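Open the model in your viewer and keep the sequence panel beside it. We will go from stop to stop, selecting a few residues at a time.

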Amino acid sequence: MVSQFKPTWMVTNIYDLTPQQLRENGVRAVLTDLDNTLIAWNNPDGTPELRHWLTLLELAGIRVIVVSNNSRARVDRAVAPFNLPYIHRALKPLSWGLRRALRRWHLRRDEVIMVGDQLLTDVWSAHHTGIRSVLVKPILKSDAWITKGNRVLEKVVMWRLRHNYPELTWQEDLNERKTH
């Protein structure tokens, strides 16, 4: 059961994913969670680092699509300055939102990764959709109230994952080592 929460990679920060690494792994599109993955949950304006990363991926022809459980208004407000496409109310950990993104943008599972900061939503939904996942550390140590319960369960799941998969460690980039 715990294997369903095992990410393909664990990378410290979404901005560590370079166009070269993504291309080397056959990635044409990055599906990404919004809060505490792409932007801080309490700062919807993003950072210069985010803008730079998005520009690099755009120049490389790698699409970035936000897949969030948030409302349309929340996601639209957060991604509008970056002109990013999105799926709102994705219902993660269900695979509905990720499957919808694959269909809408005509993407194959093998050319997509899902990046997120939560095992119980982002990694689980990627696993059940049949796409590779990248777990990143949350941008902030704090979370919105709705996420705090997940974090408690996530610690237990992570402990079990590390017990079953001792090679599961944080990496600097995708090429350092795959976790499965």
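Is R74 buried or exposed? Select R74 and show its surface: R74 counts as buried, because its relative accessibility is 19% and the cut-off for buried is under 20%. Please keep in mind throughout that this is a predicted model.

**Stop 1**

**Stop 2: D33 and K92**

Now select D33 and K92. These two form a salt bridge whose closest N and O atoms are 2.9 Å apart. Here again the pair links distant parts of the chain: D33 sits in the loop between strand 2 and helix 2, K92 in the loop between strand 4 and helix 4, 59 residues apart. Both D33 and K92 are buried.

What kind of peptide bond joins K92 and P93? The bond is cis, with omega at about 25 degrees. As background, most peptide bonds are trans. P93 is found in the loop between strand 4 (86-87) and helix 4 (96-104).

**Stop 3: a patch on the surface**

Together L91, L94 and W96 form a nonpolar patch on the surface, with about 310 Å² of accessible area. W96 lies in helix 4. With a relative accessible area of 38%, W96 is partly exposed.

**Stop 4: two residues with positive phi**

Next, select N36 and check its backbone. Its phi is near 65 degrees, a positive value in a residue that is not glycine. For context, most residues other than glycine have a negative phi. You will find N36 in the loop between strand 2 (29-32) and helix 2 (48-59). N36 is buried, its relative accessible area being 1%.

Then jump to H106, where phi is also positive, at about 50 degrees, although H106 is not a glycine. H106 lies in the loop between helix 4 and strand 5 (112-116). Is H106 buried or exposed? H106 is exposed, with a relative accessible area of 68%.

**Stop 5**

How many salt bridges does the structure hold? There are 7 salt bridges, and the one to select now is between R28 and E111, whose closest N and O atoms are 2.8 Å apart. The pair links distant parts of the chain, with R28 in the loop between helix 1 and strand 2 and E111 in the loop between helix 4 and strand 5, 83 residues apart. R28 is partly exposed, at a relative accessible area of 47%, whereas E111 is buried, at 2%.

Salt bridges that share partners join R28, R108, D110 and E111 into one network.

**Stop 5: the aromatic pairs**

Hide the charged side chains and turn to the rings. The whole structure contains 2 aromatic pairs. One of them is F5 with W124, a tilted pair at 4.7 Å centre to centre and 35 degrees between the planes. F5 is in the segment before strand 1 (9-11) and W124 in helix 5 (residues 119-129), so the pair links distant parts of the chain, 119 residues apart. F5 is buried, with a relative accessible area of 9%, and W124 counts as buried at 19% relative accessibility.

Select Y15 and W53 next. Their ring centres are 6.1 Å apart and their planes are at 65 degrees, so this pair is edge-to-face. Y15 lies in the loop between strand 1 and helix 1 (19-24) and W53 in helix 2, 38 residues apart, another link between distant parts of the chain. Y15 is buried, with a relative accessible area of 14%; W53 counts as buried at 3% relative accessibility.

**Last stop: a charge over a ring**

Finish by selecting K6 and Y165. The charged end of K6 sits over the ring of Y165, 4.1 Å from the ring centre.

Terms used:
Residues numbered from 1 in each chain as written. Predicted model: local features only at pLDDT ≥ 70, side-chain atom pairs only at ≥ 80, totals over all residues. Heavy atoms only, no water. Helix = DSSP H or I, 4+ residues; strand = E, 2+ residues; numbered from the N terminus. Buried < 20%, exposed > 50% of the residue type's maximum accessible area, 1.4 Å probe, protein only. Phe/Tyr/Trp six-rings, centres within 6.5 Å; stacked < 30°, edge-to-face > 60°. Lys NZ or Arg CZ within 6 Å of the ring centre and 35° of its normal. Salt bridge = Lys/Arg side-chain N within 4 Å of Asp/Glu carboxyl O. Patch = residues over 30% accessible without salt bridge, like charges linked within 9 Å, V, L, I, M, F, W, Y side chains within 5 Å. Areas by Shrake-Rupley, 256 points an atom, 1.4 Å probe, with all protein chains shown as cover.
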